[in-house]
Amino acid sequence: GWGGRMGDMLMNMNGQNTIFTAITAGGTAVFLSGQSVVQYPLSTNAAPAVTVNGTTATTLFGSSAAPGELKTIINDTVTASDFANDLGRINARSVGAASVVNEVFSRAVVTAVPSPPTYTNPATGATETNSLALQMRTVARMIAAAPAFGVKRQVFMVSLGGWDSHDNQNRDQSNNLAKVAQAMSYLDSTLANINGVDMRANVTTFTASDFSRTFNTNG
């Protein structure tokens, strides 16, 4: 994807922490796949995914040795399978980077990033989770953490599904567009004050939609 190709060009600007060049908070996608850069997925929870040993736990079902052995197994790259070796490298990369992210995310500059406001469905009046706004919070946290990571340029991806609404356009599309509007407004207001700095002039946002059918009829 061209986001990944852009990441390839940006990696040289990011020193040793090139792992944080292409970040996805909305699931892995070809968009962020490059020749060299590998997308790094982040959770939308309060903290990113923990390492095998966890942030505080040092045992697994009472065993202090088991966490280390489990880590060895999932990071194994000495097998006869190229697929297993590649998976082991990805796991090792993820586990190693997670401990770095968790430490930086505990700092005040990141914890100061506010949570998105409550979202209300304009059609029903019901309170719902705006997953896109939560992804934007993760993006804002990574932007706040960028100086600590030593990265200067990054590519982020977020996503929102539910647009294939067929005969429920009037019900679903207004809700989806309202979620996009709230998420973008939240990101804009948050970027206005990242550790006392207005970062809005340093961030470019765009939207893209990907939808297709097979050439043959699907019935």
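User: Two strands count as paired if DSSP finds at least two bridges between them. Which residue in E5 stands opposite Ile23?

Analyst: The model is predicted, so local features need pLDDT of at least 70 and side-chain atom pairs pLDDT 80 or more, while totals for chains, interfaces and linings use all residues. Residues are numbered from 1 along each chain as its sequence is written, and side-chain values use heavy atoms, without hydrogens and water. Strands (E, at least two residues) and helices (H or I, at least four) are DSSP runs numbered from the N terminus; E1 and E5 run parallel and are joined by three bridges. The residue in E5 opposite Ile23 is Phe156.

User: Which strands stand at the edges of the sheet?

Analyst: The sheet is open and has three strands with parallel pairing, in the order E2-E1-E5. An edge strand here has a single partner, so one of its sides is left without a neighbour in the sheet. The edge strands are E2 and E5 (155–157).

User: Why does Gln39 count as buried?

Analyst: Gln39 is placed in the loop between strand E1 (22–24) and strand E2 (40–41). Beyond four places in sequence, its contacts (heavy atoms within 4.5 Å) include Thr24, Leu32 and Arg93. Buried means under 20% relative accessible area, exposed over 50%, and partly exposed in between, with a 1.4 Å probe and protein chains only. Gln39 counts as buried because its relative accessible area is 11%.

User: Which backbone oxygen does the side chain of Gln39 reach at 2.8 Å?

Analyst: A polar contact is a pair of N or O atoms within 3.5 Å; within protein, one must be able to donate a hydrogen and the other to accept it, and residues adjacent in sequence count only if both atoms are side-chain atoms. The side chain of Gln39 makes one with the side chain of Ser33 at 3.4 Å. At 2.8 Å, it reaches the backbone oxygen of Ala29.

User: How far apart in space are Ala144 and Met199, C-alpha to C-alpha?

Analyst: Ala144 lies in helix H5 and is buried at 5% relative accessibility. Setting aside neighbours within four places in sequence, Ala144 contacts Val109, Val113 and Ile194. Ala144 and Met199 are 55 residues apart in sequence, and their C-alpha distance is 9.4 Å.

User: Which helix is among the elements covering the buried residues of H6?

Analyst: H6 spans residues 169–191, and its buried residues include Asp172, Lys179 and Tyr186. The cover includes strand E3 (119–120) and strand E4 (127–128). The helix included in that cover is H5 (131–149).

Definitions and conventions:
The expected span of a helix is 1.5 Å times one less than its number of residues.
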